[in-house]
Amino acid sequence: MALLASVAIVAGAAAVSDMSGATGGGHFLFGGVLDVQFGFSAVSQPDGSAQGSFHQSYTQGGLTTSYWGTVTCLSVDTVNGRAWIGGVLTKVESDDPTVTRQPGEDVWFRVLDNRQGQDAADRSTVFGFVPLFESSAAYCAARPWPANNARTHPVSAGNISVR
């Protein structure tokens, strides 16, 4: 797990409560050129489980790829406006022959809510897949957050809310 050694784990972050959740949608530029459209809603349950759904879609070289999934885990740090969301792909549509992801695979991403009225934009990531972490549950439990919001991308034409 070399990745775990290279990222800062959030120490003392707020614990998941019965009313924790994160929602959002919009666009962000991945790599400065790939326009990723996304939407998600995730809420924690009193028993510690999570529910919700997510979607990401992009077009590259005239080929479109879309992913949909169901939320299975959520970690929230309301103090810093951060959320880690994991789940399972339920649908993959792509006309790109190099896309090999399939329904049933674990996937995860993280988001930052910079709050309304702040100068900085909210931020999101593209999906991560095994083997970066062994599962989405392991990702949500580890709560990685690289320094300086590395590998997160400013959201445009949208909003993220972490509560």
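Student: What is the handedness of the link between cysteine 73 and cysteine 140?

Tutor: This is a predicted model. The angle about the S-S bond is 65°. With that value, the link of cysteine 73 and cysteine 140 is right-handed.

Student: How many disulfides does the count come to?

Tutor: A pair of cysteine sulfur atoms must lie within 2.5 Å. Cysteine 73 and cysteine 140 are joined, with S to S at 2.2 Å. By this rule the count is one disulfide.

Student: How many residues apart in sequence are the parts that the pair ties together?

Tutor: Cysteine 73 sits in strand β4, residues 63-77. Cysteine 140 belongs to helix α2, residues 136-142. The pair therefore ties together parts whose separation in sequence is 67 residues.

Student: Is cysteine 73 buried or exposed?

Tutor: Buried means under 20% relative accessible area. Cysteine 73 has 9% relative accessibility, so it counts as buried.

Student: And cysteine 140, buried or exposed?

Tutor: The cut-off is again under 20%. Cysteine 140 has 3% relative accessibility, so this cysteine counts as buried.

Student: How many strands are there in the protein chain?

Tutor: Read along the sequence, the pattern is α-β-β-β-β-β-β-β-β-α-β. The protein chain has two helices, and its strands number nine.

Student: What share of the contacts with a separation of 6 or more comes from residues 24 or more positions apart?

Tutor: Contact means heavy atoms within 4.5 Å. Among contacts in the protein chain with a separation of 6 or more, residues 24 or more positions apart account for 59%.

Definitions and conventions. Residues are numbered from 1 along each chain as its sequence is written. This is a predicted model: local features need pLDDT of at least 70, side-chain atom pairs count only at pLDDT 80 or more; totals for chains, interfaces and linings use all residues. Side-chain values use heavy atoms; hydrogens and water are left out. Helices (H or I, at least four residues) and strands (E, at least two) are DSSP runs, numbered from the N terminus. Buried means under 20% relative accessible area, exposed over 50%, partly exposed in between (1.4 Å probe, protein chains only).
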